[in-house]
2 protein chains.
Amino acid sequence: MIEMSFLDYATIVSYKVDQFIYSIISGEPAELYEASLHYIKAGGKRLRPLITILASRIVGGNEETAIPGAAAVEVLHTFTLVHDDIIDKDELRRGVPTVHRLWGIDMAIVAGDTLYAYAYKCLLQALSYGTSSDRVSKAIEYLTEAAITVAEGQALDMLLPSRSTVSESDYINMVKKKTATLFAASAAIGAALAGGSDDVISKLWNIMIMAGIAFQIRDDVLGLIGDERTLGKPVYSDLREGKMTILVIYALNRADEKYRNKMKFVIGNRAATHEELAEVAELIKNLGALEHAEAIADEYAEKTIALVELLNSVDSEALLMMKDVVRFMVRRNY
Amino acid sequence: MIEMSFLDYATIVSYKVDQFIYSIISGEPAELYEASLHYIKAGGKRLRPLITILASRIVGGNEETAIPGAAAVEVLHTFTLVHDDIIDKDELRRGVPTVHRLWGIDMAIVAGDTLYAYAYKCLLQALSYGTSSDRVSKAIEYLTEAAITVAEGQALDMLLPSRSTVSESDYINMVKKKTATLFAASAAIGAALAGGSDDVISKLWNIMIMAGIAFQIRDDVLGLIGDERTLGKPVYSDLREGKMTILVIYALNRADEKYRNKMKFVIGNRAATHEELAEVAELIKNLGALEHAEAIADEYAEKTIALVELLNSVDSEALLMMKDVVRFMVRRNY
């Protein structure tokens, strides 16, 4: 048997999950549903649904059992994007104008709220696929824990810039909540729907927490060195928005007073010019923040890969693809 | 046995539900949780939790079984208040400054999102009270349908003012979604947790849809004739925000061109003076809109009471209180 690459499988999964999402999310008024589906139609990697489906297969389930869960995590993720973009005043996402730019902030708030409820509706469809209500309610518990934790992470992300000092462990805690938990829940939901044991769910959870942290650190790095085309959003938007990325935290804690003041003046200043932002980006690079971030990401990547090597699976193809997904997450440098 | 008045019982229910909510909703960061609990601490009637608990008792359940559901509907309702207040730019709610005024719009968006997830977390606690996952997942389906429908209703509420004509049936459709469905789901969740039949759940649902519509029409009337103290918010705020209330729709469809233009100039105009608003309020009254709205509310009230008379209950005290609650909802004139 020829093994399928996880990228080919991701394409198949994307198609099936999107079809499922479109079959569930529809209604009136039309404006609300157009706004709600805008980012889903715009593309995206569908990494979380892929993780849900592979986790299901690893514990002996199949794709069909996992699809309601896969759709649920993608829809929940999309809701967070809609609300985060309002908060970050982002103008572009996945190469298209953000929901609040096209429909206004009020409609974007309600579109996010609508997606939130539909995440649960997607997951509840598992009942009509014959999955027991015991398994479905366990999956709903993971979805709910993730939703709470992501909101806490978002609040921390907003609050960190106004704190007088921010440590790297504040950052890791924030990223774990804002980014890594939904990856962990994506795996847990897939495994729970397929009746996986608490032991394997806990292993998958820990792998995804580590992988999610590495993923976000690489994302911070990309935000500083990527261009608008690869990012799908303007360069330096993290700096402009005043985000406490691992790069900024490292640089702030190492710069002398003069440079620290310069950074504090430019970072989070929406009136900053492109030149000022580029200058601060240079400063951050010169302080060695990229190398430091890469080293931390490497640590999490190694922990992730060590943990994933300990996983057993009834489906060897799914396990191989899960290993590839995890390597992709922790190394992403496209 | 002395029968308990529903108002006394509401006080007991409020206390128990609030204790339950405080035991579930806590975490970090502190600012997020303070913002999230702000309206719950500020008071409120707890009408929806009372309906959940009475519905449970009517089908043979008890208070304890229903409390996770009662808390869930109150928390979901509170989430909608936080987001609606941002959208309506309201400054006061339950006599206290709104969440977005105290913590800013961004934190208010996230506080609403947090409450949303906690509504599910409250309901999921029913599993640890020994309720079967079949019953809990049925209750979760009602909560989810309500959340979707309320979001659609909120979107319609925002969109109606920009439509060239709005009919009374557009209004009833909006109110059914935005207000009545959560009352209906409150009853359905209580009955579902207690194992009520589909037949009785459907009866309770219909009663609450009718009662919820009457409740909202009375609320529109109160918004025009109440004072700031009884409303807990500024007078004429519906007019200032450009809401398509049943009063405004009736008046717009009956005013001659001169008055219609006057109304269209003032309604939804945030720069309108108190005098202009008062003048338009007089105009609406002179066109007979209050009498018309009361007549429509009376129709829904009568339908509600006719339906509630057909209900059977294994708990006669709960049925009597449910009848009182419904009468209170459809007649409220405090």
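Me: How many salt bridges does the rule count over all chains?
Reply: This is a predicted model, so side-chain atom pairs count only at pLDDT 80 or more. Side chains of opposite charge can pair when their charged atoms come close. Over all chains, the count comes to 44 salt bridges.

Me: How many salt bridges are there between chain B and chain A?
Reply: One of them pairs A:E145 with B:K121, at 2.9 Å from N to O. A:E145 lies in helix α7 of chain A and B:K121 in helix α6 of chain B, so the pair joins two chains. A:E145 is partly exposed, with a relative accessible area of 32%. Between chain B and chain A the count is 2 salt bridges.

Me: How many residue pairs are in polar contact across the interface of chain B and chain A?
Reply: Here both residues must be at pLDDT 80 or more. A polar contact needs N or O atoms within 3.5 Å. By that rule the interface of chain B and chain A has 13 residue pairs.

Me: Which helix of chain B gives the most to the side that touches chain A?
Reply: Four helices of chain B each supply at least two residues to this side: α2 (30-41), α4 (63-88), α6 (105-124) and α7 (133-159). The top contribution is 16 residues, and it comes from α7(B).

Me: How many nonpolar residues are on the side of chain B that touches chain A?
Reply: The contact takes 40 residues from chain B and 40 residues from chain A. On the side of chain B, 7 are polar and 10 are charged. The nonpolar residues number 23.

Me: What area do chain B and chain A bury between them?
Reply: The size of an interface is often given as the accessible area lost when the parts come together. Carbon and sulfur atoms carry 72% of the area here. The total for chain B and chain A is about 3,400 Å².

Me: What kind of axis relates the two copies?
Reply: A rotation of 180 degrees superposes chain B on chain A, with 0.0 Å of shift along its axis and an RMSD of 0.0 Å. The same surface serves both copies, as 100% of the contact residues of chain B recur in chain A. The copies are thus related as by a two-fold rotation axis.

Me: Which residue of chain B comes closest to the rotation axis?
Reply: The distance is taken at the C-alpha. It is 2.8 Å, and the residue is B:S133.

Me: Is B:T114 buried or exposed?
Reply: B:T114 sits in helix α6 of chain B. B:T114 touches B:L32, B:S36 and, from the other chain, A:A151, leaving aside residues up to four places away in sequence. A polar atom of the B:T114 side chain lies 2.7 Å from the backbone oxygen of B:V110. The relative accessible area of B:T114 is 0%, so B:T114 is buried.

Me: How many residues apart in sequence are the parts tied together by B:D157 and B:K243?
Reply: The closest N and O atoms of this salt bridge are 2.8 Å apart. Both B:D157 and B:K243 are buried. B:D157 lies in helix α7 of chain B and B:K243 in the loop between α11 (237-241) and α12 (246-254), so the parts tied together are 86 residues apart.

Me: Which helix of chain B holds B:K178, the salt-bridge partner of B:D157?
Reply: The side chains of B:K178 and B:D157 meet at 2.8 Å, N to O. Both are buried. They are 21 residues apart, with B:D157 in α7 and B:K178 in helix α8 (residues 168-193).

Notes:
Residues numbered from 1 in each chain as written. Chains lettered and ligands numbered in written order. Predicted model: local features only at pLDDT ≥ 70, side-chain atom pairs only at ≥ 80, totals over all residues. Heavy atoms only, no water. Contact = heavy atoms within 4.5 Å. Buried area = accessible area lost by both parts, 1.4 Å probe. Salt bridge = Lys/Arg side-chain N within 4 Å of Asp/Glu carboxyl O. Polar contact = N/O pair within 3.5 Å; in protein donor to acceptor, adjacent residues only side chain to side chain. Nonpolar A, V, L, I, M, F, W, Y, C, P; charged D, E, K, R; others polar. Buried < 20%, exposed > 50% of the residue type's maximum accessible area, 1.4 Å probe, protein only. Least-squares fit on C-alpha atoms with pLDDT ≥ 70 in both.
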